[in-house]
Amino acid sequence: MILCFPDLDTLRLALTGSAALAKAGETPAAAGFDDRGRVWLQPSTDLPRAALNDLRQLGVQAARASPVPLTEPVTCWLQLFPLQREGSLAVTDRAPVLFDLPAEQLTDLVSEMLRLGNDRQSFRYLRDARQPSAAGRVLLRVIGPPYYSLLRALDGDSQADAPVAYVECAPGVWVQLGYRHPLGPQLKPRPGQVLLMRPPRQWTFIEEGPFRDIYEVIEFQLPYAPVNYREAALGRRLVIPLRLAQGGGADAAELWVLRDRPHEQLDALVHHADDQLLARLDFAVGDRDGQ
């Protein structure tokens with residue numbers, strides 16, 4: 001079954017005014033647009049009776065075939081709404097901006113922003129699982145990027161390999177800078193996913209993941225400099241005077257000197273100590289000035 005919506009406003013009313021249609025709109029579909037602005041939509045699943053009744057009340061017609069090719073696949077019906085131009089491009093110094101760029105351009109963009117005084121940068125390196133040999137891409141998250149760096153993305157909008165700048169319109173939903181989705185604040189990705197939106201209807205889902213601080217992969221290359229010092233022998237030995245000083249440490253004593261009645265003290269120790277203690281002791285007898 002193919003559905004014919006008179007226009008996008010009718011599609012929006014269907015998705016926002018009917019719980020049954022909102023649920024049906026979460027499924028993939030194939031779509032096309034004719035020259036009268038009508039939306040031809042082929043759902044991937046059969047719609048429940050309640051959803052069909054709501055569509056009839058909105059003037060949506062069901063057809064066996066479409067007069068236009070249904071060559072635009074969408075992950076859900078909300079993807080049919082094209083992004084609209086945003087009047088303001090202002091980004092505050094606390095707003096995060098997400099740059100999507102080829103990995104080989106990361107060094108230039110990072111060093112440019114460091115030179116302009118912004119080091120609040122973190123990144124994720126991603127590879128296309130469908131093309132393991134293809135070059136990877138980087139998501140660079142910057143807090144309050146310099147306007148000069150934003151211009152790099154804005155000026156290169158028509159170039160395939162130019163950086164793309166996104167701003168967050170809802171948790172986990174990023175829309176290209178300078179655009180807005182009519183229902184952007186109401187979009188909510190599935191847990192563990194992040195959505196990137198580019199005009200007119202290009203949606204890219206990626207896995208949610210942690211960002212690494214840019215300083216983890218930065219190396220500051222120092223210039224070559226002449227070396228004036230060489231390894232050599234000292235040529236003399238160091239003489240350090242020794243002296244006894246009060247230690248004051250808490251280490252247990254390892255040697256005792258018995259001067260007053262030493263034989264009697266040692267005899268008393270032997271009589272009262274156990275075998276384990278005696279096994280750990282050695283003794284020596286010395287004589288000085290008849291003592």
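Predicted model: local features only at pLDDT ≥ 70, side-chain atom pairs only at ≥ 80, totals over all residues.

Start with the cartoon and pick out the open sheet of 5 strands, which runs in the order β4-β1-β3-β2-β5 with antiparallel pairing. At the edges you'll find β4 (61-63) and β5, each pairing on one side only. Turn the view to follow the twist, which averages 30° from one strand to the next.

Now zoom in on residues 29-33 and 39-43: these are β2 and β3, paired in the antiparallel sense over 5 bridges. Select A29 and look across to β3, where P43 is its bridge partner.

Time for side chains. How many aromatic pairs does a search of the whole structure find? It turns up 2. Show F5 and W77 for an edge-to-face pair, with 6.3 Å centre to centre and 75° between the planes. This pair links distant parts of the chain: F5 belongs to strand β1 (residues 2-5), while W77 lies in the loop between β5 (72-74) and β6 (84-85), 72 residues apart. Both F5 and W77 are buried.

Next, select W203 and F205. Their ring centres are 6.3 Å apart and the planes meet at 70°, over the 60 degrees needed, so this pair counts as edge-to-face. Buried or partly exposed: which is W203, and which is F205? W203 is buried, because its relative accessible area of 12% is under the 20% cut-off. F205 has a relative accessible area of 35% and is partly exposed.

Last stop: show R124 and F211. The charged end of R124 sits over the F211 ring, 5.9 Å from the ring's centre.

Methods
Residues numbered from 1 in each chain as written. Heavy atoms only, no water. Phe/Tyr/Trp six-rings, centres within 6.5 Å; stacked < 30°, edge-to-face > 60°. Helix = DSSP H or I, 4+ residues; strand = E, 2+ residues; numbered from the N terminus. Buried < 20%, exposed > 50% of the residue type's maximum accessible area, 1.4 Å probe, protein only. Lys NZ or Arg CZ within 6 Å of the ring centre and 35° of its normal. Pairing = 2+ DSSP bridges. Axes fitted to C-alpha atoms, helices over the stretch in contact; angles between N-to-C directions.
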